[in-house]
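Me: Could you walk me through this model, pair by pair? I would like the cut-offs as we go.

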Amino acid sequence: PAVGYFVMNNLSVGLGPTYLSSSGEDADGNDLGDSSTVGAKVFVDYYYPLGGTLFVDVGARVGYLSRTDSAGDTDVDSSGISFGGFGGVALSFGGKFGGFGTFGLFYDRSSMTVDADGDPTTTDSSFGIQTGLGLFF
């Protein structure tokens with residue numbers, strides 16, 4: 001969930017948390033370790049009206065992430081920045097107290113540096129489909 005505020009018609013800004021967790025094993029069933037990431041991102045979204053209740057939704061986000069990778073008895077902590085964007089369509093419903101549903105594509109990229117000595121740096125990118133539901137009061 002994220003919290004946003006419309007600062008003017010069709011333009012919202014806000015803050016949202018990030019939490020990711022993963023674990024894996026190889027083909028032989030050997031544990032490859034676990035990873036967990038927490039953070040927060042600020043965002044800005046613009047809703048370009050197409051007519052009626054349909055809008056083009058374009059947004060950007062930037063934030064800070066902290067990740068712990070665990071393998072056996074070893075934990076590696078890293079942190080860094082993340083940024084990304086979103087583009088899709090939004091359909092509004094209700095009136096003054098209503099909401100909108102969104103559907104579109106997103107791209108996120110993060111650069112994480114190991115906390116102990118500043119080296120190495122890893123860069124992750126993700127691209128996918130995003131859906132959402134927003135309510136406003």
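Reply: Happy to! A salt bridge here is a side-chain nitrogen of Lys or Arg within 4 Å of a carboxyl oxygen of Asp or Glu. The model is predicted, so local features need pLDDT of at least 70 and side-chain atom pairs count only at pLDDT 80 or more, while totals for chains, interfaces and linings use all residues. Residues are numbered from 1 along each chain as its sequence is written, and side-chain values use heavy atoms, with hydrogens and water left out.

Me: How many salt bridges does the structure hold?

Reply: With that nitrogen-to-oxygen limit of 4 Å, one of the pairs is Arg67 with Asp124. The total for the structure is 4.

Me: How far apart are N and O in the salt bridge of Arg67 and Asp124?

Reply: Strands are DSSP runs of E with at least two residues, and helices are runs of H or I with at least four, numbered from the N terminus. Arg67 is in strand β4 and Asp124 in strand β7 (residues 121-136), so this pair links distant parts of the chain, 57 residues apart. The N to O distance is 2.9 Å.

Me: Is Asp124 buried, partly exposed or exposed?

Reply: Buried means under 20% relative accessible area, exposed means over 50%, and partly exposed is in between (1.4 Å probe, protein chains only). Arg67 has 13%, so Arg67 is buried. Asp124 has 34%, which makes this residue partly exposed.

Me: Which residue forms a salt bridge with Lys41?

Reply: The closest N and O atoms of this pair are 3.8 Å apart. Lys41 lies in strand β3 and its partner in strand β6 (residues 98-114), so the contact ties together parts that are 67 residues apart in sequence. Both residues are buried. The partner is Asp108.

Me: Which residues are linked with Arg61 in a network of salt bridges?

Reply: Arg61 forms a salt bridge with Asp108, the closest N and O atoms being 3.0 Å apart. Arg61 lies in strand β4 and Asp108 in strand β6, so this pair ties together parts that are 47 residues apart in sequence. Arg61 is buried at 18% relative accessible area, and Asp108 is buried at 12%. The residues linked with Arg61 in the network are Lys41 and Asp108.

Me: Where does the hairpin of β2 and β3 have a positive phi of about 90 degrees?

Reply: Strand β2 (residues 11-25) and strand β3 (residues 31-51) pair in the antiparallel sense over 15 bridges, and Ser22 stands opposite Ser35 in β3. The hairpin has 5 residues between its strands. In that turn, the residue with this phi is Gly29.

Me: How is the aromatic pair of Phe6 and Tyr47 classed?

Reply: Rings of Phe, Tyr and Trp (its six-membered ring) pair if their centres lie within 6.5 Å; planes under 30 degrees apart are stacked, over 60 edge-to-face, and the rest tilted. By this rule there are 2 aromatic pairs. In the pair of Phe6 and Tyr47, the centres are 5.8 Å apart with 40 degrees between the planes, so the class is tilted.

Me: Which residue joins Phe6 and Tyr47 in one aromatic cluster?

Reply: Phe6 lies in strand β1 (residues 3-8) and Tyr47 in strand β3, so their pair ties together parts that are 41 residues apart in sequence. At 35% relative accessibility Phe6 counts as partly exposed, whereas Tyr47 at 6% counts as buried. The cluster also includes Phe100.

How values were computed. Pairing = 2+ DSSP bridges.
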